[in-house]
Each structure stands twice: as structure tokens, then as C-alpha cells.
Amino acid sequence: MSSQIHIHSLSVLEFDAVLEMLADRTTSILGREIALALKPGMDPTLIHERLSTVSEIRKILGSSHSIPIRGIKDIRTSLERARVTGSAIDPERLLDLGSTIQTSRLMHRFGRKLHTDLPSARIESLVAGMGEFEPIELEITRSIDEGGAVKDQASKALARIRREQHAVRDRTRDHLNRLMQSEMGQKALQDQVVTMRDGRYVVPVRSDHKNQIKGVMHDQSASGATIFIEPLAVVEMNNELRGLEVEERREIDRVLSAITDLIRDQVEEISRSFALLGLIDFYYAAGQFSIDLQASQPRMNESGRIEIRNGRHPLLAFPPGHSGPVEQVVPLTIEIGGSSTTLVITGPNMGGKTVAIKTVGLLTLMAQAGLHIPADDPSDLAIFAEVFADIGDEQSIQANLSTFSAHLGHIVDILNAANDKTLVLLDELGSGTDPAAGAAMGMATLESLTGRGTVTIATTHFGTLKEFASRTEGVENGSMAFDVASLAPTYRFRQGIPGGSYAVEIGQRLGMPDDVLRRASEIIGQDERQLDDLIAELDRERQSHETTRLANELRQTELERLTKEYEAKVSDYRKKESDLLNEARGEADQLVREARATIERSVADIRSEKASRDSIKRANEAVVSQREELRKLIAEPSESNQGEPVRDVSPGDRVWVQSLKQEAIVVATPDSAGRIRVQAGNLELSVRRSELQKRDGSADIARETIEKQKRSTKPVGHIKVDSLPQETQQLDLRGFTALDAIEEVDKYLDQAMVDGLMSVRILHGKGSGVLRKEIKEFLRKHALVKSAQFAPQHEGGNGVTIVELTD
């Protein structure tokens with residue numbers, strides 16, 4: 001991204017210091033160079049892409065994934081050498097190249113893993129362009145050790161040469177050792193050691209015995225007392241060693257040239273991968289920088305609107321040399337660029353005015369360079385074609401310029417170039433000269449910039465500029481808050497409120513005489529003094545409101561915490577309650593299934609044996625114990641477990657059935673025996689009135705049930721025992737279809753047999769006679785039916801069938 005930001009602005013806003021902080025987080029020389037060369041851009045698309053890429057890599061850094069970025073070396077010299085035909089790259093540089101292409105391979109595969117685990121389109125696109133050069137990587141690893149020496153296994157010839165070298169050295173040392181142990185060696189040698197001179201094995205001989213050792217002299221000690229002689233017996237062996245060394249160097253050169261040839265074949269692909277590695281290293285540093293600064297991605301616009309929420313100056317939030325962010329930095333929240341394009345900030349000295357405008361300027365430059373800004377999300381920043389900053393005392397002795405002249409020179413440059421795509425930051429506007437003249441120049445400058453639509457932030461001490469801001473369209477006041485009680489700056493920015501001078505208050509606090517303070521107030525003027533008093537009162541109210549707001553926020557935070565804790569506990573309780581109830585119902589359903597299976601097997605036995613008296617007796621005996629167990633489960637509860645019995649119930653009422661330990665719905669009013677028909681889940685049965693309790697909810701019942709179940713020796717549940725009341729013994733089929741009626745008759749007869757009844761009545765009505773005919777035909781063939789005939793006329797006639805069961 002090209003930039004036209006004035007170099008003076010980059011300097012005074014300390015953009016270079018931010019780049020140094022960014023560069024310190026890179027892992028490679030190339031990544032560091034990219035970071036230090038970064039400049040703010042103006043292309044909205046490129047700015048958005050860079051910001052979004054930083055967001056992606058920050059997300060990856062915050063995940064469980066480890067980015068395999070370390071291992072990038074500066075291989076540019078090696079790549080240039082590889083481009084030369086016949087050249088060979090040094091072993092140490094080959095190790096660096098091998099480490100770099102290994103990182104390229106790891107990053108390429110990391111991108112494929114990201115696509116599955118943590119999709120990151122921009123990062124994936126970057127690493128997809130990195131190549132895998134595994135044959136070169138393996139060849140370098142096979143041929144060169146970690147110390148940069150070529151391994152024996154680099155080639156068969158090299159392995160042979162080094163074996164021969166080892167054998168010759170052993171022979172040479174053996175001969176020299178025998179010489180040292182001989183009588184002549186004991187006398188002639190200065191020390192019993194073998195050493196080397198000019199790559200040849202020699203022995204140290206005393207100068208007065210030099211004629212006793214025949215050979216070639218290679219060196220002499222500084223004192224002349226020792227002469228280093230190569231004995232004639234080892235000259236040929238040394239010559240052989242030198243020849244093998246020459247052969248070794250040639251073979252090493254051949255090995256390195258072969259590896260370099262492999263690199264040369266893919267040098268352009270490796271160069272592209274290296275460039276992408278440098279870029280991904282830069283983004284890695286930018287992502288880490290974002291995390292360290294607790295930064296966020298700003299929303300960018302081209303309308304000149306700035307809205308920073310809790311922004312921090314990077315050099316204050318994370319000072320160089322610190323291991324972590326500084327917590328006590330007062331954040332800046334500021335807006336400009338909507339209805340007002342000019343902001344005049346006033347307030348006492350050392351109150352943070354300069355830091356405020358430098359924060360706005362520096363965060364703008366960072367965002368346009370594609371870096372996250374240390375501010376809360378969402379924050380909005382504009383893309384400016386130029387940023388001008390006139391900040392600090394820039395007095396120049398060499399140019400014979402005063403502070404005012406230096407500032408004025410910058411303002412001239414600004415007025416010659418500013419437009420509606422420009423950000424202008426002016427510190428202490430109009431200072432350094434006569435206050436009246438300085439204020440006038442400042443006012444005229446602000447009028448000109450406001451008229452052009454230039455986004456301008458200026459700091460000043462002049463009260464006339466506060467008044468100018470309050471009455472001029474497009475210009476707004478702002479100030480740095482001041483603690484009236486302690487007469488100390490708070491460094492908090494206040495939008496829309498001008499700053500007071502607080503000169504009289506500070507003088508009073510420091511003990512200035514009252515008469516002097518009164519006179520100062522008179523000179524200041526009543527209107528100005530009233531304005532200062534009003535601002536002071538607003539400060540006091542603001543501080544009171546701020547205290548109240550913080551207290552409310554703490555209470556709200558605690559309330560939210562307690563609410564979440566309560567909701568979690570309620571949810572956990574309801575889940576446990578539901579699990580326990582489901583478990584109890586499951587056990588009860590299992591009992592029902594087992595009971596029904598027993599009854600059905602018994603009925604099947606009765607049918608299979610054609611309802612002989614013996615088979616019926618055996619079947620009855622088989623189900624007696626099961627039926628008794630079921631009746632125990634629904635028996636009337638003990639006095640200690642009974643609640644107050646219900647007095648009046650109606651169909652639809654919800655009741656608690658003690659014998660079932662379950663909620664049920666009343667389906668019919670009490671019969672003549674006082675039993676009430678209820679529906680419990682899928683089961684329907686008659687129970688005594690004393691077994692029923694009316695309850696509003698089920699949570700307490702569930703808890704009671706659970707505790708009772710823990711003390712019980714047997715599981716309980718809802719059981720359907722369809723025993724037929726002796727006084728009824730009648731099945732009403734009116735309204736049934738023939739098919740449904742026959743099914744009901746079949747079940748009814750089975751139950752009647754199990755209950756030991758001798759006869760039953762089936763009420764089918766007269767109607768068209770179809771139902772009566774189908775039932776009569778079904779009874780004629782039924783194994784349990786002894787006889788079936790219509791009832792006497794006074795008992796229903798042919799609308800009722802009397803059925804006698806087999807003995």
C-alpha cells in the first residue's frame with residue numbers, strides 16, 4: 001500500500017516506534033524488514049484485507065493451534081548464488097535453506113489443517129502458495145550435520161576416502177608412537193607427543209639432538225630449543241594423507257554442487273515461498289501485537305468520521321521494555337467528523353491534551369497501515385489521503401526560527417494542502433506569541449480548515465477559541481477533565497464541554513493571598529469567571545454522576561452474575577428432577593411389561609389347552625403371585641404417608657396417586673363403591689378416594705417421591721391392573737365398530753377368566769344388528785365361552801348378551 005503521509009507527521013506521531021514494537025515480534029529478518037518498511041495506505045480494499053488477515057491470524061493464535069513459523073532464515077544470498085550455473089552453496093547456508101524450506105512445507109500443511117479445523121480464508125490463501133521441496137530438504141538433511149559438516153554418507157566416494165584417511169592416520173600415529181617409545185626417542189624428543197605442522201604429522205625434537213632424527217624440519221619454537229621434524233619414515237604416509245585430503249575436498253565440492261543444482265531447478269519457486277514466509281511472519285507479529293495491546297479491528301470509512309472507544313496510546317499502553325500492558329492508562333473516547341469536523345480541546349497543562357491528539361493520529365496511521373488499534377470494538381476510523389501533525393516545541397536555532405515561527409511554517413504547509421480528505425492535528429494552536437494575536441491566528445486557521453471540511457483537532461489555552469467553538473457551526477468544544485477537589489488532572493476527555501483555567505483555584509490551594517486572588521478575578525472579568533465557575537460545577541456533577549455510574553455498573557455486574565448462577569442452578573435442578581422421574585417411570589414401565597407378559601403367557605396356556613379346568617387352575621396359580629405383587633404396589637399407603645384425602649373431584653382434575661407415586665388425571669366421578677377412575681400416563685385404573693391428594697405443582701412431589709424411593713426396598717411405578725368390579729361385570733360396546741368391539745371382547749374375556757368370573761354381560765345395543773351378529777359369531781368360536789345368549793327382556797333383551805365362561 002503506497003502512502004503519501006508526510007514524513008514529518010510520521011515522526012512526530014511516533015509511528016516508527018510502533019513499527020519497532022511490531023518488528024520485535026517477528027521471527028525472521030525478512031519479516032522484520034517488512035514490518036519496519038510498513039507505511040499507511042489509502043486503498044480501502046487493501047486496508048480491509050490487511051486488517052482482516054491480522055484478525056484471522058489473531059484468532060489462530062488464540063486457539064489451540066501452534067503456528068509452525070519459526071525456522072525462517074535469510075536465504076537471499078544462497079538463492080542468488082544458486083542462480084549461477086556451476087556454483088555451490090556453503091554447507092552452513094544450505095542448513096539455513098533447509099530450515100526455511102522445511103518451514104514452508106510445515107506452513108503449507110498447516111494451512112490444509114486450518115481449512116478443516118479453523119477456516120481462515122486469507123491465511124489459507126497465503127500458505128497455499130508456499131511450496132513443498134521435500135527432496136531438497138531430505139538431501140540437505142542426509143548430507144550435512146547440524147554443525148555444518150558434510151557427512152560421510154553424503155556419497156559413497158566420500159565415505160571411502162574418509163575410511164582410507166582414518167587408516168593412514170592410524171598407521172602414521174602408530175609409527176610415531178613406536179619412535180617416541182624407543183631409546184633414541186626418549187633422548188631426542190622434547191615431549192612425548194605427536195603434533196602437526198602444515199597439515200603433516202611431526203614430532204618435537206630437542207635442538208641439540210636434531211641430527212639423531214632424520215627427516216624434514218617444518219618449524220622451530222620461539223626459543224629455538226625445539227625443532228618440529230617430520231621423520232623420513234612417515235613422509236610417504238603424510239603425502240598419502242595430503243592426497244586424500246585433496247580428493248576429499250573435491251568430493252565435498254561435488255556433493256555441494258549437486259545439492260545446489262537441485263535448488264537451482266526450483267530457485268524461483270523457493271524464492272516465492274520465501275517471500276510468502278516473510279509476509280506470514282509479518283502477519284504473525286501483527287497478530288501477536290494485537291493480542292499484547294488488547295487491540296481490535298477498527299471499522300474503516302471514507303467519510304471522515306472518527307469514533308474511538310476507550311483508545312490507548314500504544315507507547316503508553318505497552319511501553320518498550322515492559323513484559324505486559326500497563327493497566328492504569330486512562331483510555332480516550334472521542335468522536336469527530338459527523339456534524340462537527342473541528343474539535344477544540346482545552347484544559348490545564350499536563351492534563352493529557354497532547355496525548356489525546358497524538359492517540360487519534362497514531363491510531364489512524366496504524367489502521368491505515370493495516371494494524372489493529374488498542375481500542376474497544378467497535379471503533380470507527382476514517383481513511384485520509386494525508387495526515388498533518390504540528391505537535392511540540394520545534395524551535396530551530398540553526399534556521400533562526402522561534403517556536404511560533406516553526407509552528408506557523410507548518411500551518412502554512414497545512415493550509416496549502418488541506419482538504420476534506422485530510423486529518424489535521426494542531427497542538428497549542430496560537431502559542432509562542434502575543435496571546436491576542438496568537439488567538440486571532442488560531443481562530444482564522446480553524447475557520448479556514450472548517451470551511452474546507454478538513455477533520456481538525458486542536459488544543460489550546462485561549463478562552464477566545466473556546467468561545468469561537470461554541471458559536472461556530474461545525475466546531476465543537478472538548479476538554480480534559482480536572483478533579484476540582486484535588487486540583488489534579490484526571491486525563492479523561494469530555495466531549496462537548498470546554499475546559500476551565502482553574503488558575504484562581506490552584507492559586508488558592510497554593511496559598512496565594514486573598515486580595516491578589518480577588519484582583520485576579522476582577523481582571524479576568526465577571527463573565528469569564530462565571531464560565532469557569534460553571535465549568536467547575538459541571539466537573540463536580542460529572543464526578544458525582546461518574547461515581548454513581550460506576551456503582552450502578554458494579555451492582556449490575558453482580559446482579560447479572562447472580563442471575564446466571566441462579567439460572568444455572570435451576571436448570572441443573574430441573575434436569576436432575578427430570579432424570580430421576582424418568583428413571584422411576586422406566587422402572588415402573590418395566591414392572592408393567594413383566595406383569596402383562598406373565599398374564600399373557602397364562603392366557604395363552606389356557607387357550608392352547610382349550611380351557612380345561614386343570615389348565616385354568618394352573619394359569620390362575622401362575623398369575624396369583626404376580627397379581628399380588630402388583631396389588632402390593634398400589635395398596636393403600638400407610639397412615640404416615642397419606643396426605644389429606646380429596647373431598648370433591650371432577651373429571652379433568654389433576655391429583656397425586658400415593659400408591660403409584662405419580663400424578664394422574666381424573667377421568668370419571670366416583671362409582672358406587674367410592675373408587676375413582678384416573679389416567680396416569682398411558683395407564684387407567686380405579687383407586688380409593690383416600691389414595692388421592694390434590695397438588696398445585698409436581699416439583700415438591702418429585703422430591704418426596706425420590707426420598708421415599710431411596711428408603712424403599714422395591715421400585716415403584718404406575719401399574720395398570722384391570723380387575724373387573726364384581727358388581728359391574730359388564731362390557732359396554734355401544735358406539736364401537738365391529739372390528740374394535742371384537743378386540744375389546746377378547747381382552748375382556750381374558751381378564752374375566754383371570755379374575756375367576758363365571759359369567760359376564762356384553763352390552764352391544766340393538767341398532768341395525770350388525771354389531772350383535774359379529775359378536776355372537778365371535779363368541780360361538782371363543783375357547784373361553786361355554787355359552788352365549790341374549791338377556792331376558794327386562795334386562796335388555798337382544799341388546800345384551802349373557803356369556804357363561806368355561807369351568
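I count two strands as paired if DSSP finds at least two bridges between them. Helices (H or I, at least four residues) and strands (E, at least two) are DSSP runs, numbered from the N terminus.

**Ground rules.** I am working on a predicted model, where local features need pLDDT of at least 70, side-chain atom pairs count only at pLDDT 80 or more, and totals for chains, interfaces and linings use all residues. Residues are numbered from 1 along each chain as its sequence is written, and side-chain values use heavy atoms, with hydrogens and water left out.

**Entry 1: the chain.** I found 24 helices and 23 strands. I took buried as under 20% relative accessible area, exposed as over 50%, and partly exposed as in between (1.4 Å probe, protein chains only). Of the 807 residues, 44% are buried. I took contact as heavy atoms within 4.5 Å. Of the contacts between residues at least 6 apart in sequence, 69% join residues at least 24 apart.

**Entry 2: the four-strand sheet.** I looked up strand 22 with strand 23 (residues 800–805): they pair in the antiparallel sense over five bridges. A788 has V803 in strand 23 as its bridge partner. I then traced the open sheet these belong to, which has four strands in the order 20-21-23-22 and mixed pairing. Strand 20 (730–732) and strand 22 (785–790) are at the edges with a single partner strand each, so one side of each has no neighbour in the sheet. For angles I used lines fitted to C-alpha atoms, for helices over the stretch in contact; angles run from 0 to 180 degrees between N-to-C directions. With direction ignored, neighbouring strands of this sheet are turned by 20° against each other on average.

Which helices pack on this sheet? Helix 23 (residues 738–754) does, touching strand 20, strand 21 (759–763), strand 22 and strand 23. Its direction makes about 160° with that of strand 21. Helix 24 (residues 770–781) packs there too, touching strand 21, strand 22 and strand 23. Its direction makes about 155° with that of strand 22.

**Entry 3: strand 8.** Is strand 8 largely enclosed or left open? Five of the five residues of strand 8 (residues 342–346) are buried, so the rest of the structure largely encloses it. I checked both faces: T342, V344 and T346 are buried on one side, L343 and I345 on the other. Strand 8 pairs in the parallel sense with strand 12 (residues 455–459) over four bridges. It also pairs in the parallel sense with strand 13 (residues 475–483), over five bridges. I noted T459 in strand 12 as the bridge partner of I345, and V475 in strand 13 as that of T342.

**Entry 4: the core.** I defined a nonpolar core as a set of buried Ala, Val, Leu, Ile, Met, Phe, Trp, Tyr and Cys residues joined through side-chain atoms within 4.5 Å. The largest has 93 residues, of which L22, M107, I263 and I306 touch the most other members. Helix 12 (residues 267–292) gives the largest share, 11 residues. I listed the contacts of L22, leaving out residues up to four places away in sequence: A35, L38, F282, A285, A286, F289 and L371.

**Entry 5: the cavity.** I took a cavity as a set of points, on a 1 Å grid over the protein atoms alone, where a 1.4 Å probe fits but cannot get out; lining residues have an atom within 4 Å of a point. I counted one cavity of 30 Å³ or more. About 80 Å³ of space lies in the largest cavity. Its lining has 14 residues, with F404, H407, I411, L429 and G430 nearest its centre. Helix 15 (403–417) and helix 16 (435–452) are the elements giving two or more residues to that lining. Helix 15 gives the most, four residues.

Technical notes: 1 Å grid on protein atoms, 1.4 Å probe; cavity = no way out; pocket = protein on both sides within 12 Å on 5 of 7 lines; lining within 4 Å. Points joined across faces, edges and corners; volume = space filled by probe spheres on them.
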